[in-house]
Amino acid sequence: MPDTIEASAVPNVFTRAMLGWVPFLEPLAEAELTPHHIAALIDAARAKSEYFRLLARDPDALEHRTRTDKDIFYNPEAGAPRADRELAAAAVSRFNGCIYCASVHARFAATYAKREADVDKLLAEGVGAELGERWNAVVAAAVALTAIPMTFGPEHVQRLRATGMDDLAISDIIQAASFFNWANRLMLSLGEASADRGPNVPSR
Amino acid sequence: MDVIDTLVGVTPGSPLDAVRDGRKIARTHAQKSYEVLLTPAEPGDFSIAERFAVAAYVAGLHRVEPTAGYYRTGLLEHGGALAETVAKAITETAAEGPKGSFPAGPLSTEDTPAPAFALSPAVAEALGPKLLAAFAHTHYLVFHPRDAAPERFAPLQDAGWTLDAIVSLSQLVSFLAFQIRVIAGLRVLAATP
């Protein structure tokens with residue numbers, strides 16, 4: 001990946017490198033966390049994360065966000081392979097412009113698919129990159145759901161079906177792309193990526 | 001049937017019911033997210049009427065039925081006095097997305113101008129300062145979130161938004177960006193043999 005991120009604390013290119021994240025608003029202090037907050041973090045280790053301690057200001061919203069997220073991406077029962085779900089997340093992040101989110105999910109997509117070069121092409125060229133038919137179909141569907149007005153139509157479903165996906169797999173792509181329209185807006189607006197700050201946010 | 005099922009038209013025992021059950025935890029907690037963001041037991045500094053006003057605005061900006069209609073009805077129930085004003089705000093600030101600017105550098109060639117948030121004085125006045133600040137923030141989150149900056153919170157704080165309520169507002173708008181797309185996507189899936 002380009003070296004230019006070294007020159008800037010705020011990364012100005014898409015990258016698979018590990019980035020940090022700095023909040024714009026004050027998170028709750030660790031000492032302020034009540035049992036309600038800690039339960040909402042789901043994983044107790046997230047008490048170390050400024051991102052999750054900021055979201056803990058609305059603990060119920062945080063809890064249900066996290067449980068929704070985990071099932072969409074981590075549920076291994078049938079449906080789309082993890083790599084395709086992560087690709088949808090990376091494509092939405094590339095299109096919306098969330099450099100931080102794209103870095104995390106590009107890493108996951110590259111790792112699960114073992115397709116680093118294609119993922120780097122998506123990051124470098126954008127959502128029009130040529131990635132082979134199956135991934136092109138996933139990216140096109142994710143972009144069509146993200147645009148306002150949305151352009152997602154029967155042709156996107158048919159194209160995904162033609163790659164061998166069943167309805168649960170297509171629903172996984174729809175939910176993964178939709179979820180990153182949620183995640184991108186929180187990550188982008190509540191703080192910013194930082195290249196000179198160590199990775200400090202659990203993956204999601 | 002939850003809100004997503006209702007708006008997609010999922011009926012018990014249908015193929016799409018089985019698809020949604022394949023991600024049962026997501027199904028449950030997407031609905032819980034809706035409940036805690038729109039009708040929380042303790043709304044704090046962000047009233048239920050204000051939440052439905054923001055939701056009707058977000059759904060209206062996405063220009064998709066039946067979701068926009070669902071939140072128009074919700075606003076009539078929970079904050080009816082604002083319904084006409086919110087409808088006008090949607091018309092006056094309609095735009096396309098995603099837009100905005102990247103941190104200066106190689107990606108600057110991809111920058112696109114942020115859509116204006118320009119309300120008529122009458123609509124701005126009818127919203128009042130607190131909702132006006134919320135709608136300006138919402139418009140940016142919906143259409144050009146990559147234009148993020150810490151300065152964007154100052155108008156909210158000046159209008160009386162607490163940090164907790166700003167997080168709830170951010171979650172509400174962002175959650176709706178998810179819910180609206182899941183509904184639209186699953187409707188297409190259900191209608192495509």
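Let's start inside chain B, at Tyr57(B), which is found in helix H4 of chain B. Helices here are DSSP runs of H or I with at least four residues, numbered from the N terminus. Before I go on, please keep in mind that this is a predicted model, where local features need pLDDT of at least 70, side-chain atom pairs count only at pLDDT 80 or more, and totals for chains, interfaces and linings use all residues. Residues are numbered from 1 along each chain as its sequence is written, while chains are lettered from A and ligands numbered from 1 in the order in which they are written.

Back to our tyrosine. Is Tyr57(B) buried or exposed? Tyr57(B) counts as buried, because 29 C-beta neighbours lie inside 10 Å. The cut-offs are 20 or more other C-beta atoms within 10 Å for buried, 12 or fewer for exposed, and in between for partly exposed, with C-beta atoms placed from the backbone. Leaving aside neighbours within four places in sequence, Tyr57(B) is in contact with Val86(B), Ala89(B), Ile90(B), Phe135(B) and Thr138(B). Contact means that the C-beta atoms of two residues, placed from the backbone, lie within 7 Å.

Just after H4(B) comes Arg63(B), with a positive phi of about 55°.

Now for a helix pair. Helix H6 (residues 83–92) of chain B packs with H7(B) at an angle of about 70°, and their axes are 10 Å apart. Axes are lines fitted to C-alpha atoms, for helices over the stretch in contact, and angles run from 0 to 180 degrees between N-to-C directions. H6(B) and H7(B) are therefore roughly perpendicular to each other. In this scheme, under 35 degrees is roughly parallel, over 145 roughly antiparallel, 65 to 115 roughly perpendicular, and the rest oblique. From H6(B), the contact uses Thr85(B), Lys88(B), Ala89(B) and Glu92(B), and from H7(B) it uses Val123(B), Ala126(B), Leu127(B) and Phe135(B).

How do the two chains meet? The contact takes 54 residues from chain B and 55 residues from chain A. On the chain B side, H9(B) gives the most, with 19 residues. That side divides into 34 nonpolar, 13 polar and 7 charged residues. Ala, Val, Leu, Ile, Met, Phe, Trp, Tyr, Cys and Pro count as nonpolar, Asp, Glu, Lys and Arg as charged, and the others, Gly among them, as polar.

Over to chain A. Helix H4 (residues 82–96) of chain A has 15 residues and reaches 21 Å from its first C-alpha to its last. H4(A) is largely enclosed by the rest of the structure, because 13 of its 15 residues are buried. Gly97(A) follows H4(A), and its phi is positive, near 100°.

Met187(A) is buried, with 27 other C-beta atoms within 10 Å. Apart from neighbours within four places in sequence, Met187(A) is in contact with Cys98(A), Tyr100(A) and Cys101(A). Met187(A) and Tyr51(A) are 136 residues apart in sequence, yet 8.1 Å apart in space, C-alpha to C-alpha. Thanks, everyone!

Note on methods:
Helix = DSSP H or I, 4+ residues; strand = E, 2+ residues; numbered from the N terminus. Expected span 1.5 Å × (residues − 1).
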